[in-house]
Amino acid sequence: MNGTIMAVDDSASMRQMVSFTLRAAGYDVVEAVDGKDALEKIGGSNGLSMLITDINMPNMEGIELVRRVRENPQYKFMPIILLTTESRGAKVEEGKIAGATGWILKPFKPEQLLAVVKKVLGK
Amino acid sequence: MDDVERGRELFIEEANELTATLEQTLLELERRPEDKELIGGIFRALHTIKGSGAMFGFEELSSFAHELETVYHDIRSGRLAVTEDIINMSLSAVDRIKKLVENTPSGEPPVLEEFNIAGSAEPHAGKSPLRRFEIKFKPSADVFLRGINPLSIINDIRELGDCSVRALTDGLPGLTDMNPEHCYTEWDISLETERDENAIRDVVVFVENDCEIKETATAKKGAGEERSAEIEGASRTEAGDVQSIRVHSWKLDRLMNLVGELVTVQARLRRVASSKDDPEVFVISETVERLTEELRDNTMQLRMVPIGTISGKLRRMVRDLAMVLGKEVELKVEGAETELDKTMIEKIREFIVHIIRNSVDHGIEGPAEREAAGKKRKGLIHLWAGQSGPDVVVRIKDDGRGIDPGRIREKAVRGGLITGEDSLSENELLQMVFAPGFSTSESITSVSGRGVGLDVVKKGIESLRGSVEIESSYGKGMTIAIKVPLTLAIIEGLLVRVAEECFVVPLQVVEECIDMKGKYEAGGVKRIVNIRGEAVPYINLREHFNLEGEGNHNEQAVVCRLEDSRVGLVVDEFIGDYQTVIKPLNGFYKNIQGISGATILGDGGVALILDVERLLKIAENAENQSVSGKKEVFHA
C-alpha cells in the first residue's frame, strides 16, 4: 500500500480522472467535492499521505482548505498540491503562503500527475 | 554512469590528446619533411584513433582516420613525399577528426579529396554533451511547512547526473533560537548533466524561487585547449599504472579558498599563542604554522600550469593567420615550461592572443616588402616566458615594421591628445599607443580588428596587478612585455610598522634588513644609503605616505631587489614574517603610488601591501623630487 491520497474537486470528471490514475499506480484515493466535504472526511479518516485539491470550489475554496488543513498538527508537513489553470498567478502565490507544496497545471496528462505525486511523496 | 559510458569518455579524452599531438607533429614535419620519426608518430596516432574509435561506436571517425592512415603509410614507405599541400590537407583532416570526436555531424565531403585551408584560427569548440551547472538551493525557513522535503529535491537533482552537494549550515541559530520546524540549511550543488537547464527547473519547480541556477563553463573537449572543466578519471600509461589524476578545476578553487581562510586564521592563532604564556600551546601553534605553510605551497603548486598549454595552439594560429593574409610568419616559443597559476593563465591568454594577432596582422610585413627591406622573407615572432622575482614575464617580440613615431605623433595631434608644439620623447610617444581609441592602422582588417585594443590589454593586465611595456625600433620590430604576479591569492611578506600604520613587503623582493643608524649620506638631495660600499637609493615611507610624527631616529630599512636594482624602504619597526591573503583595493585607491593591495591582520586591523616596483622607480627618480624642506640628516 502506498498511502491514502485525497482528491478534492467539484468536477466529477476531474475527480474520476485523478482517482483512476492514482489507484492504478497503487494508491488509495478518497474523493471530496469541496473544502467542507474534505475537512469532514479528513476528520473521520485514518490519516492522509497527501492532498490534491482544486482551487475554485463552492462552500470552501481550495486555498482556505489548505490553511485549515495546515492548522491540524497531524498535517503540518503533509504534501498538498493545488490544481490550477495558471501556474504563476496570484492564486498560486497565495496558495504557497497558505502552505501548499506545489501545483499542477490544468489541463494535465495522467503521467504528469503521477510524476508530481512521486516527486512530492519522495522515494 | 555505466562502464560503456565511462569507456567512451576515456576514449574521447584520449582522442583529444592525440589530435593535439598530431597538430604539433604536423607543424614540425612541415619544417623537417624527411624526418622518419615524425612520420612514424603521425601514423601511430592515426592508427590508435582508428582502432579505439571503432570500439566505442565512432564508426565514421574510424573509417576517416583509416583513410588518412593509409596516406601516411605510403609516406612512410617512401611512395609519397611530404609536400606543403599534404601538410595543409593533413591539418584540415585533423580538424575533421576533432569534429568527429565531438560528434558534430558534418555534411562535408571527405576532406581528402579537397585541398582546403583551415580558415578559422580558433579551434572549434563544438557542443559537448556534458554541461555543468552550479545550483544554489536556499529554501525558505518554512519549507517543511509546505510539505517539501529538501532532501528529496536534492535526490531528484542527483538523478540528472553526477553531483557534488555541499550543505552550508552558517544560518543555523543557537539551540534556544532554533525552531525545529524551520529549515536553516542552504545547499551548493555542482551538477554535471547531459540535460539542459529546463530539466533542472522541472525538478525544482516547487521551490524555483529558492534556487539559483547558473550554467558554468561547459565541459570542453577541444583538443589541446586547457580544460576549464575536466573529467574526473585516471590516465593510464601503457603498463596500466595510474600516473596522474584529472581533477575538476572548481575543486581546486574551493581548496584554494579554504587554504586562504586557514592561512588567515593560523596567523591569528600565532598571535594569540605568542601572547599567552603557555609553552604547549605555542608549540602546537608552531606546528600548525608549519603545516599550513606546506599546505599552502602544495595547493598553490597544484594550480600551477605551464604556459606551454596556451602557447601550443598559438603556433598553429599564427601559421593559419599568416596564410590567410598572404604572409610568411613563424612563431618561436621559449620558456613554455614556465608555470603560472591556472586562473592567471586563463586571464592573460586572450591578451597574448591579441598581441600576437596584432603582430601578424599589422606588424609583420608581406614577404616582398620584407625582402625589399633586406629582411628574411619569413617573419619571426618570438614569445619568451620566464619568472622574474614574484612575477612571470611574457615577452612577445616581432621583427616586423615596428611603430612609426612620426605617425603616432600625427595621430596624437589630430586626436587632440597633444599639441603640435609639444615635444615628446620617443618613449613617451610609444606609450600613447595604450591610449583608448588610439590606432595608427587606417583600415580595419577582418582578422584582428583595428590595431587598437592595446588599451584594453593594458587595463586588463593592470587589473591583475601586472604591467605592460612596449619597445619599438621603427623598421626593425617591436616588443611587448607583459608582467603578471605568479598568483593572486596568497603572498608571503614582511610586516613592518611606520608610524601607526602597518605595511607588508612581499618577501620575494626582500634582500636584507638593515639598521639605518649611521648609514645616511650626510646632506645632499639624493637619498642614498651606503651598504657595504654600494650606494642604494632609499625612500622614507613615513614621508612618502605623509604619515604623522617625526622619525624616532632608530629607523630600520628593508632593502629590496628587483632584477638589477635595489631600493631601501625606511620603516620604524620590523614586526615579522606574515602570510597574507591578498585583498584587492577598489578603484578609489588604485592610483596611490606604492600600494598594490591590502590584507586583514590577525587582530582585525588592515595592512597595506607595498608595490615595491613602483617605489623603486620613484626612488630612482629622486632627483626630480623636492625635499620639501625636511631635514634628512642623521647623526651617527
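Trainee: Is Arg319(B) buried or exposed?
Mentor: A word on the model first: it is predicted, so local features need pLDDT of at least 70 and side-chain atom pairs count only at pLDDT 80 or more, while totals for chains, interfaces and linings use all residues. Residues are numbered from 1 along each chain as its sequence is written, chains are lettered from A and ligands numbered from 1 in the order in which they are written, and side-chain values use heavy atoms, with hydrogens and water left out. Buried means under 20% relative accessible area, exposed over 50% and partly exposed in between, with a 1.4 Å probe and protein chains only. Because its relative accessible area is 9%, Arg319(B) is buried.

Trainee: Which residues does Arg319(B) touch, not counting residues up to four places away in sequence?
Mentor: Arg319(B) sits in helix 9 (residues 308–325) of chain B, where helices (H or I, at least four residues) and strands (E, at least two) are DSSP runs numbered from the N terminus. With contact taken as heavy atoms within 4.5 Å, the residues touched are Leu27(B), Glu30(B), Ile87(B), Asn88(B) and Leu91(B).

Trainee: How much area is buried between chain B and chain A?
Mentor: The contact draws 19 residues from chain A and 14 residues from chain B. Leu145(B), Arg146(B) and Phe206(B) supply 46% of the area that chain B buries against chain A, more than any other three residues. Buried area is the accessible area (1.4 Å probe) that two parts lose on being put together, summed over both; carbon and sulfur atoms give 49% of it here, and the total is about 1300 Å².

Trainee: Which side chains meet in a salt bridge?
Mentor: The rule asks for a side-chain nitrogen of Lys or Arg within 4 Å of a carboxyl oxygen of Asp or Glu, and across the interface of chain B and chain A it finds one salt bridge. At 2.6 Å, N to O, the partners are Lys76(A) and Glu181(B).

Trainee: How many residues apart in sequence are the parts that Phe503(B) and Phe545(B) tie together?
Mentor: Rings of Phe, Tyr and Trp (its six-membered ring) pair if their centres lie within 6.5 Å, and planes under 30 degrees apart count as stacked, over 60 as edge-to-face and the rest as tilted. Phe503(B) and Phe545(B) are stacked, 5.1 Å centre to centre with 15 degrees between the planes, and both are buried. Because Phe503(B) lies in strand 15 (residues 501–506) of chain B and Phe545(B) in the loop between helix 15 (541–544) and strand 19 (556–562) of chain B, the parts tied together are 42 residues apart.
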